[in-house]
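Open the structure in your viewer and keep the selection tool at hand. The stops below go from one selection to the next, with a note on what is found at each.

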Amino acid sequence: MNEIHQREIPKLSDALGQTLYSLRLNGLMYANSELTAPWGLEMPPMPGKMMFHIVTKGSCWLGFKNDETVLLQPGELVLIPKGEGHSIASQKNSECKGFFEIPVTKLSERFEFMQYGGGGDETHITFGILSFDHIAGQKLISQLPPAIHIKSENNELPEQLNTLINIMANEVANASTGGETVVANLADIIVIKAIRYWLKNSKEAKEGWLGALKDPKIGKALAAIHNQPGATWNVERLAEQAGMSRSGFSARFTEIMGMSVKQYLTEWRMQLARMKIMQSPVSLPDLAEELGYQSEAAFSRAYKRVFGLPPFRQNQKNTD
């Protein structure tokens with residue numbers, strides 16, 4: 001794993017910036033490809049993973065199960081944040097073969113090179129599959145659309161993204177020593193910048209949880225909860241963080257989030273607890289204390305209210 005993925009989440013006051021940082025992307029697979037028409041690839045559904053395609057030469061068609069298609073031009077990228085199955089091909093009607101059925105040259109543990117197709121016009125694509133292991137990152141991904149397409153036309157591709165994609169294309173073309181590491185790190189940065197661009201420009205990002213993260217007052221309270229989930233938070237203390245009166249803060253929080261402050265705090269803590277329980281065996285008393293509960297019993301009751309099962313049964317199911 002790259003060093004950048006191992007860093008702890010900083011205690012930022014900017015809730016949205018903190019959430020982007022918390023993605024902590026872990027590249028599971030990167031593949032540079034030289035594809036010659038006709039060609040078609042079928043990407044299987046990968047729930048809990050993010051996929052991306054960056055076109056560095058030529059063009060291709062992205063297709064989803066609902067028959068929606070998107071043309072990808074040189075220098076463009078598309079993110080599939082929730083790992084939805086899809087096809088990518090030289091033409092809309094091209095026959096597709098399973099992505100993982102095509103022979104590749106393994107360059108390293110995570111990096112591959114693919115040559116495939118019928119010998120016609122070339123398309124070069126960098127593929128990537130990423131995971132993310134923090135509850136804030138998972139929450140953010142759940143709020144994103146099925147696909148984020150950053151286009152090169154009409155100057156929609158931001159200058160920094162365009163520069164990074166061009167650097168990646170040069171690295172791929174030159175195949176220099178250490179190029180695979182450079183491409184992997186560039187890909188991670190490009191993904192973060194693409195998500196940031198969508199968050200800044202999309203109407204959907206101004207509503208609900210995403211909108212709350214960007215709210216100058218409610219965002220401060222959310223940042224405080226995310227930074228220190230085990231602190232002795234209550235409405236008064238969180239209102240102070242937001243710089244609002246108790247009643248004004250409580251009403252605005254419920255209006256934006258669709259739930260009370262107390263409910264959000266409980267659900268956030270329980271999501272953190274569930275993630276820790278699923279990742280490895282944990283001591284429930286220690287976990288209860290870490291998340292701000294004075295007793296294991298109180299923690300277990302809160303957990304059962306949220307998930308319908310007590311934490312020891314959830315832990316047992318994951319270790320059977």
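**Charges over rings**

Begin by selecting R274 and F307: the charged end of R274 sits over the ring of F307, 5.5 Å from its centre, where sitting over a ring requires NZ of Lys or CZ of Arg within 6 Å of the ring centre and within 35 degrees of the ring normal. Then select K92 and W61, where the charged end of K92 lies over the ring of W61 at 4.4 Å from its centre.

The model is predicted, so local features need pLDDT of at least 70 and side-chain atom pairs count only at pLDDT 80 or more, while totals for chains, interfaces and linings use all residues. Residues are numbered from 1 along each chain as its sequence is written, and side-chain values use heavy atoms, with hydrogens and water left out.

**Helix α6 and its cover**

Select residues 218-227, which make up helix α6; helices (H or I, at least four residues) and strands (E, at least two) are DSSP runs, numbered from the N terminus. Because 8 of the 10 residues of α6 are buried, this helix is largely enclosed by the rest of the structure; buried means under 20% relative accessible area, exposed over 50%, and partly exposed in between, with a 1.4 Å probe and protein chains only. Among the buried residues of α6 are I218, L222 and H226, and what covers them includes α1 (15-21), α5 (208-214), α7 (235-242), α8 (246-257) and α9 (261-279).

Which residues are in contact with H226, leaving aside its neighbours within four places in sequence? They are Q18, T19, W209, L213, Y264 and W268, contact meaning heavy atoms within 4.5 Å. H226 itself counts as buried, at 10% relative accessibility.

**The aromatic cluster**

Now select F249, F253, Y264 and W268, which ring pairs link into a cluster; rings of Phe, Tyr and Trp (its six-membered ring) pair if their centres lie within 6.5 Å, and planes under 30 degrees apart count as stacked, over 60 as edge-to-face and the rest as tilted. The structure holds 10 aromatic pairs. One of these pairs is F253 with Y264, edge-to-face at 5.8 Å centre to centre and with 65° between the planes. F253 lies in helix α8 and Y264 in helix α9, so the pair ties together parts that are 11 residues apart in sequence, and both F253 and Y264 are buried.

**Salt bridges between elements**

There are 6 salt bridges, each being a side-chain nitrogen of Lys or Arg within 4 Å of a carboxyl oxygen of Asp or Glu. Select R252 and D215, whose closest N and O atoms are 2.5 Å apart in a salt bridge. Since R252 lies in helix α8 and D215 in the loop between α5 and α6, the pair ties together parts that are 37 residues apart in sequence; R252 is partly exposed, with a relative accessible area of 32%, whereas D215 counts as buried at 10%.

Next, the side chains of R246 and E236 meet in a salt bridge (2.6 Å, N to O), which links helix α8, where R246 lies, to helix α7, where E236 lies, 10 residues apart.

**The open sheet**

Finally, show the strands: 7 of them form an open sheet with mixed pairing, in the order β9-β10-β1-β11-β3-β6-β12, and two strands pair if DSSP finds at least two bridges between them. β9 (105-106) and β12 (148-150) stand at the edges, each with a single partner strand, so one side of each is left without a neighbour in the sheet.
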